[in-house]
Amino acid sequence: MADPTNHNQAGEVAPSTVDKQAPSVAEEHAPSTDSPEATDLPTANTPDPKAANPEDNPNAAKPAAASPKREKPAAAAATGEKPAAAAKAAKKEKAPSVEDKPFVEFIEQDYLPALQKAIAQQGVKDLQVSFAKQKVPITGFESAEECWQIIGSWKETGLRQFNLYFPEEDIQGKKGFSCNEGKKPSTFESFLIDERKITLDLLVYGLVQRLGGQKWLGIN
């Protein structure tokens, strides 16, 4: 008879050896729980970091912030001009010219010294020049008001005298000329009437030219 101890009770099935080995095999090949491993698969609780909408996905990459614009220098911003334009405008500002001086100041400080030097360079050695406000010494002008005049004379070859008149007390205004040799002048001439702008050099040159035309300068 077979040993009753070698049989299970009725209705029971002996466990398979495969089932006995399954737990150990599964544990052997299962990943370790000591070190978590990253995975690129999205889970139910973690949104995909590549999602396009940053409002819906806080893990989405945010666009780089734009670099701030450079501000204009305070001086240029205050005036509304660019630095280069402001520098160019500053260069255009020039010091006032001698012709912008008050009339009397210009004549005494600039014109008379320049005129004496120019006439002396033409060979006149004893030139006497004065500047005064007086009557015009020409017949027919007795009732005219006094006006500023430059009076020049020399006696190198007899008495020679010229008068340069400024009735408007302005070098840009009307001007007159007269000359004589020992007698009272009889003609009042207009002087530099065709020039649009009178300068110191032009005023000197014009009078020297007029005296040269009278043959009073140089070898005359």
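1. From the N terminus on, the elements of the protein chain run α-α-α-α-β-β-β-β-β-α. That makes 5 helices and 5 strands. Helices (H or I, at least four residues) and strands (E, at least two) are DSSP runs, numbered from the N terminus. The model is predicted: local features need pLDDT of at least 70, side-chain atom pairs count only at pLDDT 80 or more, and totals for chains, interfaces and linings use all residues. Residues are numbered from 1 along each chain as its sequence is written, and side-chain values use heavy atoms, with hydrogens and water left out.

2. Next, the chain totals. Of the 220 residues, 24% count as buried. Buried means under 20% relative accessible area, exposed over 50%, and partly exposed in between (1.4 Å probe, protein chains only). Among contacts with a separation of 6 or more, 43% come from residues 24 or more positions apart. A contact means heavy atoms within 4.5 Å.

3. The 5 strands form an open sheet, ordered β1-β2-β3-β4-β5, with antiparallel pairing. β1 (128-134) and β5 (189-190) stand at the edges, each with a single partner strand, so one side of each has no neighbour in the sheet. Two strands pair if DSSP finds at least two bridges between them.

4. Now the pairings. β2 (residues 147-154) and β3 (residues 160-166) are antiparallel over 7 bridges. Ser153 has Gln161 of β3 as its bridge partner. β3 and β4 are joined in the antiparallel sense over 5 bridges. There, Tyr165 has Gly176 of β4 as its bridge partner. β4 and β5 run antiparallel, joined by 2 bridges. Phe177 stands opposite Glu189 in β5.

5. Is β4 buried or exposed? In β4 (residues 176-180), 5 of the 5 residues are buried, so the strand is largely enclosed by the rest of the structure. Both faces are covered. Gly176, Ser178 and Asn180 are buried on one side, Phe177 and Cys179 on the other.

6. Helix α4 (residues 103-120) lies across β1, β2 and β3. The helix runs at about 150° to β1. Axes are lines fitted to C-alpha atoms, for helices over the stretch in contact, and angles run from 0 to 180 degrees between N-to-C directions.

7. Look at Ala132 in strand β1. Ala132 is partly exposed, at 24% relative accessible area. Leaving out residues up to four places away in sequence, Ala132 touches Cys147, Trp148, Gln149 and Ile151. Ala132 and Cys147 are 15 residues apart in sequence and 8.1 Å apart in space, C-alpha to C-alpha.

8. The largest pocket has a volume of about 170 Å³. Its lining includes Val136, Phe141, Cys147, Pro167, Lys174 and Ser190. By class, the lining has 7 nonpolar, 1 polar and 4 charged residues. A pocket is an open set of points on a 1 Å grid over the protein atoms alone, where a 1.4 Å probe fits, with protein on both sides within 12 Å along at least five of seven lines; lining residues have an atom within 4 Å of a point. The volume is the space filled by probe spheres set on the points. Ala, Val, Leu, Ile, Met, Phe, Trp, Tyr, Cys and Pro count as nonpolar, Asp, Glu, Lys and Arg as charged, and the others, Gly among them, as polar.

9. Check two backbone angles. Glu169 is not a glycine, yet has a positive phi of about 50°. Glu169 sits in the loop between β3 and β4 and is partly exposed, at 38% relative accessibility. Lys215, also not a glycine, has a positive phi of about 60°. Lys215 is in the segment after α5 (200-213) and is exposed, at 55%.
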